Amino acid sequence: MLRAYLSLYLLFLFAPIAIIVLFSFHSSPALTFPVEGLSLRWYAQLFDKPEFVTSLWNSLKVGFYTAIATTVLGTLAALALIRLKGKYKQTFELLNFAPIGLPGLFLGIALVTLFAAINLPRSLVTVTIAHVLFTLPFFVETMRSRINYFDHSLEEAARDLGASQIQTFRLVTIPILAPTIVGAAILTFALSFDEFIITVFVSGNDTTLPLYIWSMMRRTVDPSINAASVLALALSIVVLGAGGLTLWLQRKRAVALRDAI
């Protein structure tokens, strides 16, 4: 019974994805069964459209810069969180978690009002700023699980052995936190790459991939929409796979060093 339930659960989760992938290779524009044949015509049509290539490139740029900015800011916040204690730490954690519960609609309107007040034109710059604001709490929350178990005695031991603060930070603190930082940065990129609601408000004339797919659906529904969605899914899987491979290599290296000692 449990196996049957698990099978139905997995089917419910992955059947829509499988259907999207299947129809992205459908040779006919009809989104109905049975499948008449397989073709790459919809992918070719997508890459023949300059608007699609531009939107895809914009999403990659915004995701990359968002991940970089969020990683720097979030890592500094996490290091500060390590050293906070008592009510100050609890207050910081509460204030950091609060924005996660805010609706994207609220954040979008608030950011549009802010950008208008400071006369900042909407562009990919405002999209990046908005995405950093959106993803930063997720980054710090991801880091918090590692920070709560951070052993301060390792830093103290390094200082007792003559290491400076910079050396302790570079050789002890960062290597311990590095796997979590990489994982949080990957999550940040994925959240930014797929973000739609906030981007609608702050994008201006620049289009990201989610906005382009949405504009395609407003005009007509054809397999090229499925192809665009599959490409977005594939890029997300590649990023997650690269991140997983990086974490695996780091863990393997750490085990090798431990065994050598």
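**Figure 1. Asn119 in the loop between α5 and α6.** Asn119 sits in the loop that joins α5 (104–117) to α6, where helices are DSSP runs of H or I with at least four residues, strands are DSSP runs of E with at least two, and both are numbered from the N terminus. This is a predicted model, in which local features need pLDDT of at least 70 and side-chain atom pairs count only at pLDDT 80 or more, while totals for chains, interfaces and linings use all residues. Residues are numbered from 1 along each chain as its sequence is written, and side-chain values use heavy atoms, with hydrogens and water left out. The phi angle of Asn119 is near 55°, a positive value in a residue other than glycine. Asn119 counts as exposed because its relative accessibility is 67%; buried means under 20% relative accessible area, exposed over 50%, and partly exposed in between, with a 1.4 Å probe and protein chains only.

**Figure 2. The whole chain.** The chain has eleven helices and zero strands, and its pattern along the sequence reads α-α-α-α-α-α-α-α-α-α-α. The C-alpha trace spans about 70 × 55 × 40 Å along its principal axes. Of the 261 residues, 34% count as buried. Among contacts in the chain with a separation of 6 or more, 71% are between residues 24 or more positions apart; contact means heavy atoms within 4.5 Å. The accessible surface comes to about 15,800 Å², and carbon and sulfur atoms hold 70% of that area; areas come from the Shrake-Rupley method with a 1.4 Å probe, and for residues only the protein chains shown count as cover. The chain carries 19 positive and 14 negative charges, whose mean positions are 4 Å apart. Lys and Arg count as positive and Asp and Glu as negative, with His and the chain ends not counted; the place of a charge is NZ of Lys, CZ of Arg, CG of Asp or CD of Glu.

**Figure 3. Packing of helix α4 against helix α6.** Helix α4 (residues 86–97) and helix α6 (residues 124–147) pack at an angle of about 135°, and their axes are 9 Å apart. Helix α4 is therefore oblique to α6. Axes are lines fitted to C-alpha atoms, for helices over the stretch in contact, and angles run from 0 to 180 degrees between N-to-C directions. Angles under 35 degrees count as roughly parallel, over 145 as roughly antiparallel, 65 to 115 as roughly perpendicular and the rest as oblique. On the α4 side the meeting residues are Phe92, Glu93, Asn96 and Phe97, and on the α6 side they are Leu136, Pro137, Val140, Glu141 and Arg144.

Figure 4. Thr188 belongs to helix α8 (residues 165–194). Thr188 is buried because its relative accessible area is 1%. Not counting residues up to four places away in sequence, Thr188 touches Thr66, Ala67, Thr70, Thr135 and Phe139. Thr71 lies in helix α3 (residues 50–83), and a relative accessible area of 18% makes Thr71 buried. Neighbours within four places in sequence aside, the contacts of Thr71 are Phe139, Ile181 and Ala185.

Figure 5. Arg3 is part of helix α1 (residues 2–24) and counts as exposed because its relative accessibility is 74%. The C-alpha atom of Arg3 is separated by 37 Å from that of Gly104, 101 residues apart along the chain. Ile19 is also in helix α1. Ile19 is partly exposed, as its relative accessible area is 38%. From Ile19 to Ser203 the C-alpha distance is 31 Å, and the two are 184 residues apart in sequence.

Figure 6. Thr91 lies in helix α4 and, at 43% relative accessibility, counts as partly exposed. Thr91 and Ala44 are 52 Å apart in space, C-alpha to C-alpha, and 47 residues apart in sequence. Gly244 is found in helix α11 (residues 223–260), and its relative accessible area of 38% makes Gly244 partly exposed. Between the C-alpha atoms of Gly244 and Thr208 there are 26 Å, with the two residues 36 apart along the chain.
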